[in-house]
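Student: Hi! Could you walk me through this model while I have it open on my screen?
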Amino acid sequence: MTMPMRDFALETYMSEWEFTARHHMTASDAETIRLPELLAYASDADRADFENLSLGYTETFGAPALRQEIAGTYETIGPDEVMCFAGAEEAVYVAMKVLLSAQDHAIVITPNYQAAETIPLSICAVTGVALDIDNGWNLDVGQIEAAIRPNTRLISINFPNNPTGRIIPRGDLEAIVALCRKQGIWLFSDEVYRLIERDPEMRLPQVADVYERGLSLNVMSKAYGLPGLRIGWLACRNRDMLVRFERYKHFLSICNSGPSEVLARIALKNREPILARNRGIVRANIAAFDAFFAEFPHLFDWREPDGGCVAFIRYKGADGVEAFARRVVREAGVLFLPSSVYRSDLNPVPADCLRVGFGRRAVPDGIAALRNWLTRNVP
Ligand SMILES: Cc1ncc(COP(=O)(O)O)c(C=O)c1O
């Protein structure tokens with residue numbers, strides 16, 4: 001059964017509060033940097049490229065020099081196996097529209113970044129496989145296997161996961177690849193939070209490197225903290241599929257923004273210091289949350305997530321998470337996302353969770369505001 005695309009609940013909630021709440025405590029991106037800071041990383045030649053840039057259209061696939069840099073972030077991928085998009089979001093849309101038709105079946109995990117289910121659901125039958133909150137948001141690969149049908153064309157995964165922060169063990173990813181390979185199923189892997197892991201040992205391979213029908217989604221927005229560039233990409237060893245994506249992109253953004261392409265290239269060339277900075281901010285914020293949540297164990301079930309910039313934790317207050325999230329943003333200016341934002345059309349999602357973000361530098365200020373408010377308002 002298909003469904004018309006419903007409003008993107010998270011983006012709708014964010015559009016009300018993201019730019020008005022004083023303390024954005026649920027951001028999914030790492031702290032961004034200003035243009036002069038980014039340009040300070042650039043070589044003289046790259047800075048001159050930016051300053052002398054001609055503002056014409058660029059190649060639909062993405063500027064070759066940018067795709068070269070992106071390819072360098074994979075083990076086996078060449079520049080012709082990368083296609084750029086306006087953020088990760090356009091790539092999700094294009095890939096689902098091109099890969100799926102009405103007679104197909106897709107499998108996605110829940111909870112999810114809503115585009116992952118709403119777009120396929122508008123095209124074909126979709127089965128959701130739920131991460132298990134009572135088991136550290138574990139994914140049961142057996143449930144994926146059980147959901148596969150003869151017409152399953154696509155499995156869509158996202159680790160580190162938004163909103164749970166879960167990373168599956170490498171063996172589970174290998175098992176999913178083996179299931180896909182048996183039937184030629186495309187594996188769409190949203191890897192936008194990769195490179196921010198609690199322990200680098202938990203870092204998963206990128207599926208485009210390990211599976212011939214793997215589609216690796218990534219973007220400058222999250223681990224690199226540069227969402228305003230709107231540069232995302234898909235890496236895939238199947239060039240014919242990328243060409244089909246290109247034909248679809250001709251109807252959407254046509255090409256990326258030229259200035260963003262140069263800036264993304266500069267950031268990727270200097271990714272080690274940028275990532276080290278962002279990981280440092282995440283580590284410090286997690287330590288601050290550890291200390292804060294330890295003061296309120298009767299209210300929150302905090303557990304450090306495996307990776308990414310967000311966690312989805314239980315709120316145990318008697319008022320319920322929906323009332324709490326709305327009250328705390330109005331009265332204390334502290335923005336979190338409540339469970340309802342992650343409602344799924346496929347599976348029940350626990351109704352008592354808060355999405356907490358820890359990629360931004362100002363998190364300690366938000367913690368102070370929240371502590372102050374809780375102390376005055378919650379017995
Ligand atoms: C899992 C996931 N995929 C894709 C996106 C879209 O990324 P972008 O804003 O760069 O288009 C997001 C943004 O929050 C996300 O969390």
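Tutor: Happy to. Keep in mind that this is a predicted model. Let's start at glycine 72, which sits in the loop between helix H4 (64-71) and strand S2 (82-86).

Student: Is glycine 72 buried, exposed or partly exposed?

Tutor: Partly exposed, because its relative accessible area is 48%, and that falls between the 20% and 50% cut-offs.

Student: How far apart are glycine 72 and lysine 269 in sequence and in space?

Tutor: They are 197 residues apart in sequence, yet their C-alpha atoms are 9.4 Å apart in space.

Student: Okay, switching to the ligand. Which residues come nearest to the ligand?

Tutor: There are 14 residues around the ligand, and the nearest are Asn162, Asp190, Tyr193, Ser221 and Lys222. By type, the shell has five nonpolar, five polar and four charged residues.

Student: Which helix gives the largest share of that shell?

Tutor: Helix H5 (residues 87-99), with three residues.

Student: What lies 2.5 Å from an oxygen atom of the ligand?

Tutor: A polar side-chain atom of serine 221. Arginine 230 also has a polar side-chain atom 2.9 Å from a ligand oxygen, while glutamate 89 places a backbone N or O atom 2.9 Å from a ligand oxygen.

Student: And how much of the ligand does the protein bury?

Tutor: The protein buries 93% of the 390 Å² that the ligand exposes when taken alone. The space the ligand takes is also the largest pocket.

Student: Back to arginine 230. Where does arginine 230 lie, and what is its phi?

Tutor: Arginine 230 lies in the loop between strand S7 (214-219) and strand S8 (231-235). Its phi is near 55°, a positive value in a residue that isn't glycine. Most residues other than glycine have a negative phi.

Student: Which other residue has a positive phi although it is not a glycine?

Tutor: Tryptophan 137, with a phi of about 60°. Tryptophan 137 is in the loop between strand S4 (125-130) and helix H7 (141-147).

Student: Why does tryptophan 137 count as buried?

Tutor: Because its relative accessibility is 6%, and buried means under 20%. Arginine 230, at 38%, counts as partly exposed.

Student: One last thing: where are there cis peptide bonds?

Tutor: One joins threonine 110 and proline 111, with omega about -5°. Another runs from asparagine 162 to proline 163, with omega near 20°. Proline 163 is in the loop between strand S5 (152-158) and helix H8 (170-183), and asparagine 162 is among the residues nearest the ligand.

Key. Residues are numbered from 1 along each chain as its sequence is written. This is a predicted model: local features need pLDDT of at least 70, side-chain atom pairs count only at pLDDT 80 or more; totals for chains, interfaces and linings use all residues. Side-chain values use heavy atoms; hydrogens and water are left out. A residue is near a molecule or strand if one of its heavy atoms lies within 4 Å of it. A polar contact is a pair of N or O atoms within 3.5 Å; within protein, one must be able to donate a hydrogen and the other to accept it, and residues adjacent in sequence count only if both atoms are side-chain atoms. Accessible areas come from the Shrake-Rupley method with a 1.4 Å probe; for residues, only the protein chains shown count as cover. On a 1 Å grid over the protein atoms alone, a cavity is a set of points where a 1.4 Å probe fits but cannot get out, and a pocket is an open set with protein on both sides within 12 Å along at least five of seven lines; lining residues have an atom within 4 Å of a point. A molecule sits in a cavity or pocket if more than half of its atoms lie within 2 Å of its grid points. Helices (H or I, at least four residues) and strands (E, at least two) are DSSP runs, numbered from the N terminus. Ala, Val, Leu, Ile, Met, Phe, Trp, Tyr, Cys and Pro count as nonpolar, Asp, Glu, Lys and Arg as charged, and the others, Gly among them, as polar. Buried means under 20% relative accessible area, exposed over 50%, partly exposed in between (1.4 Å probe, protein chains only).
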